[in-house]
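Please open the model in your viewer, colour the chain by secondary structure, and keep the sequence panel beside it. The stops below are meant to be selected in turn.

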Amino acid sequence: MILLRQRLAILGVAFFLALALFVPRAQAGAYEAELPADLQSAKDMCALLPCADVFPGATHFSERKGQPPYVEAYDNATADKKLLGYVMLSTDITDTPAYSGKPVVTLIGMDKAGKFVGVKVLKHSEPILLLGIPESALLKFNDQYLGKSVTDKIEVGQSRPDENVLGLDAISGATVTVIAQNQVMMASGSAVARQVGILAPTVREPARFAVGAKRLSWAELADQGLVKRLRVLPEQVGLERSPEPFIELWFGDLNHPDIGKSVLGENSWNNLRLQLKEGENALFVIRTAGRESFKGSGFVRGGIYDRVQVHQGADAFTFRDLDAMNLYGIEAAGAPSFNESAIFIIRSPAFSAAYPWKLSFLGNRVDRATGARSFTSFDTPYWLPATALEGGRPKIDEPDAPWVRVWKSRAVEIALFALLLVAVTVVYAYREKLTRLSTHKNKWPVNAFKYTAWALSIGFVGFGAMAQPSITQVLTWFHALLFQWTWSLFLSDPFIFLFWIFIIVTVFLFGRGLFCGWMCPFGSLSEAIYKVARVVGFKRFQTQLPQKWHDRLKWLKYAIFFGLITVSMFSMGLAEKLSEVEPFKTTFLVGIQNRAWPFGLFVAAILGLSIFIERPYCKYLCPLGASLAMPSTFRWFGLKRKQDCNSCKACAVGCGAQAIDADGRIDHRECLHCLDCMILYTDTKGCPPLAKERKRREKDGLEITPIGDNGYFIPIHPAASFTEQISAKAAQGPDPRMPTAPAHPVHKAGAHGLRWLWLELVDHLWPWSREGWATRKALQIAGFSLAVAASVAWVMTAMGTLSSGAIIGWWFGWSVYEVLIRLSGKRYVKDGPWWRDRFRVAGVMDMMSYVGFKNLLIGAALFLALKAMGWMVL
């Protein structure tokens with residue numbers, strides 16, 4: 001076994017080296033490009049960035065101005081220079097994340113009429129835009145904006161003239177990325193266009209306040225949401241954790257008489273109102289904790305407060321020294337002490353206190369691992385309660401989110417796809433009824449549904465909707481779960497989103513086989529080629545690998561999967577390059593004709609080999625299949641076996657997936673659910689044990705009873721037992737109804753209720769056992785030491801002294817060691833639903849699947865808990 005693992009490790013390393021040589025090098029492009037460290041704060045932005053590239057004809061650019069900032073583009077630098085338009089940096093305006101969870105940093109040029117004249121991607125973190133989809137595809141997508149106006153209604157998808165919608169051609173396979181990019185382009189352009197007068201300013205109805213007669217205490221103000229807190233912790237800006245916050249601000253509206261009089265006192269509030277002009281609004285900000293000032297480095301006489309802003313909808317409001325007044329004290333009873341304060345005046349008529357707004361604290365975050373600085377903001381929303389406004393809060397007609405528009409625009413296709421997934425699940429759930437109607441000579445009751453599913457998965461799902469799931473989605477979602485989960489991004493690709501719901505549900509119900517065997521577009525295409533080749537005369541050339549070679553090569557896909565997971569923790573870009581082991585992008589998303597010849601040759605080789613070997617890619621190379629095979633270890637419902645299967649080879653001989661071993665057991669990690677074995681299970685002419693019993697009954701003139709759930713004829717006499725039908729050889733052999741031999745943990749025998757729950761918890765969290773201490777004491781002691789170290793690592797992470805990458809490494813190392821510890825003592829896993837105490841002996845892959853999946857859930861839960869409590873900054 002050790003020798004086999006060593007050979008597989010060497011084979012896996014060789015495979016990745018070959019793949020690295022095979023995959024052409026992508027041009028550096030904008031993927032994770034280095035940007036100037038002081039880009040966010042530099043006044044002369046165009047001294048650091050190629051502004052001329054996005055504004056043809058411009059030779060001179062102003063310093064940053066406005067809020068959000070932009071620069072003006074001129075034809076020359078002389079006194080009679082002519083204003084041509086504006087250049088903006090997208091991250092100055094919006095940090096909308098793309099599929100990677102990070103924004104696409106874009107430089108945008110717009111003329112005085114509001115038309116886009118240039119777009120340049122400076123940096124992105126989209127690994128899919130490296131090889132599977134070339135980075136040039138994003139450049140071509142952005143070129144579609146040229147000549148279009150910020151006043152246009154631009155959406156990704158088809159144009160809809162009746163709704164005045166201009167459509168943009170999406171990038172196949174990168175829907176989420178381009179939807180996010182469209183948000184960036186339109187939000188950036190609109191924000192600047194409103195400032196310079198291209199777009200009319202937003203008009204909001206002024207607030208009409210419902211006034212009470214009661215003065216409110218600070219606690220009452222806070223309870224009713226009339227004052228809000230904005231708190232930033234040191235670790236959120238890359239500093240050492242401290243009990244003292246980086247800054248803590250309290251703020252609130254001063255326009256409402258009840259709030260203003262409670263906070264300032266009646267005389268001070270009346271004086272404030274006398275100083276405000278019509279249409280002007282006031283708010284207060286106090287700093288109650290932290291050493292950081294909210295005035296910011298730009299605050300000098302005549303300067304601005306560059307640390308705080310107010311945002312309302314798409315409008316941003318900043319404050320100069322003339323927009324600020326001194327706040328000397330808070331009159332509300334129980335108000336906290338403060339060491340910095342101000343009253344800010346919003347002088348724009350676009351602001352209305354009746355509508356929601358938010359206070360933003362702006363700053364830089366330092367990456368403690370690299371020292372790199374990144375611009376960030378911390379926001380707290382504020383909206384007066386309905387009881388404080390006459391007639392309640394105004395109704396806000398917000399436009400649908402981009403992902404909602406996607407779902408609406410493709411509603412019919414999405415509904416048909418969802419119906420297909422439900423139909424396949426329901427049909428498979430009733431598989432036993434179909435298999436009982438079939439025989440080994442007439443499989444059409446099953447195959448009619450299965451072949452229809454193949455055809456739809458190839459045509460409608462694969463080439464039509466381009467919804468081929470990929471290992472890159474597993475990697476991306478794994479990272480998103482740990483680092484930055486954004487529902488709206490994943491909802492932006494409805495077909496993939498629904499497909500993964502189907503995959504997750506069916507993997508835990510039935511195993512990977514329903515998706516891999518029935519609904520995977522590439523798997524269906526490979527199988528269809530094999531079947532068609534058989535019909536047209538290639539049957540005599542079709543074969544299977546010898547079982548011993550199959551049993552070795554099937555582990556290769558797991559090595560590829562673990563290799564990709566490991567590489568992705570260090571570099572998602574490199575993992576994306578290596579994931580070209582998947583032929584899915586070339587086949588469905590991009591097309592062979594649009595890719596370099598090595599990719600087309602790779603796909604042609606796999607599909608060509610599929611003529612002679614059934615599903616070679618699925619069985620030996622597919623990392624997606626490997627990722628789904630591991631949780632398939634714990635599927636709830638398996639395919640049926642009977643005792644005689646341990647000595648009968650009929651099913652094993654006909655198993656295209658070669659998932660049935662010499663003892664008649666089915667490996668559900670490898671099974672692709674063709675259901676041929678289930679057809680034989682009740683076929684009285686095809687199943688050798690049933691055929692033998694049928695012939696005996698016919699010879700003796702006995703009744704031919706139906707086949708029971710156990711796979712044998714129902715006994716003629718109620719007192720008789722079906723065991724009489726089992727051959728002596730089969731009765732003495734292993735039980736093929738479980739993937740491995742049954743196990744009976746003594747300590748769990750007869751446990752019920754709370755004791756059962758306690759033992760379950762101990763079983764999952766405590767891998768050591770008496771057997772392990774007796775046989776492998778050194779291993780157990782070393783494992784205990786490593787467990788203590790891993791626990792300390794989690795504590796250090798919670799304290800902010802260990803990075804997220806380090807704790808992932810520790811947790812991975814502990815998981816590897818836990819597999820070894822359990823194999824030396826607690827060598828069992830559950831089969832079927834977890835609440836049933838149906839244990840079986842665990843093989844190496846069983847234990848790796850169990851520990852890996854369990855610790856993934858535990859680690860993700862700890863990550864999310866620490867993030868929720870603010871103890872981990874990623």
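Predicted model: local features only at pLDDT ≥ 70, side-chain atom pairs only at ≥ 80, totals over all residues.

**The whole chain**

Begin with everything displayed as a C-alpha trace, which spans about 110 × 60 × 55 Å along its principal axes. The protein chain contains 31 helices and 19 strands, and of its 874 residues 51% are buried.

**The annotated transmembrane regions**

Next, select residues 411-430, 451-475, 495-515, 555-575, 595-613, 778-796, 802-820 and 855-873, which an unreviewed UniProt entry lists under the feature "transmembrane region". Keep two of these spans highlighted. Residues 411-430 are 95% helix and 0% strand, with 29 Å between the end C-alpha atoms. Residues 802-820 are 89% helix and 0% strand, and here the end C-alpha atoms lie 26 Å apart.

**A helix pair: H8 and H13**

Select helix H8 (residues 411-429) together with helix H13 (residues 494-510), and look along the axes, which are 10 Å apart and meet at an angle of about 10°. Are the two helices roughly parallel or roughly antiparallel? Because angles under 35 degrees count as roughly parallel, H8 and H13 are roughly parallel to each other. Show the side chains in the contact: H8 contributes Glu413, Ile414, Phe417, Ala418, Leu421, Val424, Thr425, Tyr428 and Ala429, while H13 contributes Pro494, Phe495, Leu498, Phe499, Phe502, Thr506 and Phe510. Coloured by class, this contact of H8 with H13 has 13 nonpolar, 2 polar and 1 charged residues. As you follow the spacing of the side chains, recall that an α-helix has 3.6 residues a turn, so residues three or four places apart point the same way.

**A covered helix: H5**

Move to helix H5 (residues 257-264), where 7 of the 8 residues are buried. Those to select are Pro257, Asp258, Ile259, Gly260, Ser262, Val263 and Leu264. Step past the end of H5 to Gly265, which follows the helix and has a positive phi, near 90°.

**Two loop residues with positive phi**

Select Arg615, in the loop between helix H20 (597-609) and helix H21 (616-620). Arg615 is not a glycine, yet its phi is positive, at about 50°, and its relative accessible area of 2% makes it buried. Then select Gln658, in the loop between helix H23 (650-654) and helix H24 (676-681). Gln658 has a phi near 55°, again a positive value in a residue other than glycine, and with a relative accessible area of 5% Gln658 is buried.

Is Asn594 buried or exposed? At 54% relative accessibility, Asn594 counts as exposed. If you draw a distance from Asn594 to Phe55, which is 539 residues away along the chain, the C-alpha atoms are separated by 31 Å.

**Phe463 and its partners**

Select Phe463 in helix H10 (residues 444-464), a residue that is partly exposed at 44% relative accessibility. Which residues does Phe463 touch, not counting those up to four places away in sequence? The residues are Ile458, Thr587 and Phe588. Phe588 is 125 residues from Phe463 in sequence, but the C-alpha atoms are 5.5 Å apart.

**Two buried residues with polar partners**

Select Ser849 in helix H31 (residues 844-868), which is buried at 0% relative accessibility. Its side chain is joined to that of Thr633 by a polar contact of 3.4 Å. Apart from neighbours within four places in sequence, Ser849 is in contact with Met630, Thr633, Phe634 and Arg669.

For the last stop, select Glu340 in strand E14 (residues 340-346); at 10% relative accessibility, Glu340 counts as buried. The side chain of Glu340 reaches the backbone nitrogen of Phe294 at 3.0 Å. Leaving aside neighbours within four places in sequence, the residues in contact with Glu340 are Val285, Ile286, Arg287, Glu292, Ser293, Phe294 and Lys295.

Notes: Residues numbered from 1 in each chain as written. Heavy atoms only, no water. UniProt positions renumbered as here; feature names shortened; annotations may be inferred. Helix = DSSP H or I, 4+ residues; strand = E, 2+ residues; numbered from the N terminus. Buried < 20%, exposed > 50% of the residue type's maximum accessible area, 1.4 Å probe, protein only. Axes fitted to C-alpha atoms, helices over the stretch in contact; angles between N-to-C directions. Parallel < 35°, antiparallel > 145°, perpendicular 65-115°, else oblique. Contact = heavy atoms within 4.5 Å. Nonpolar A, V, L, I, M, F, W, Y, C, P; charged D, E, K, R; others polar. Polar contact = N/O pair within 3.5 Å; in protein donor to acceptor, adjacent residues only side chain to side chain.
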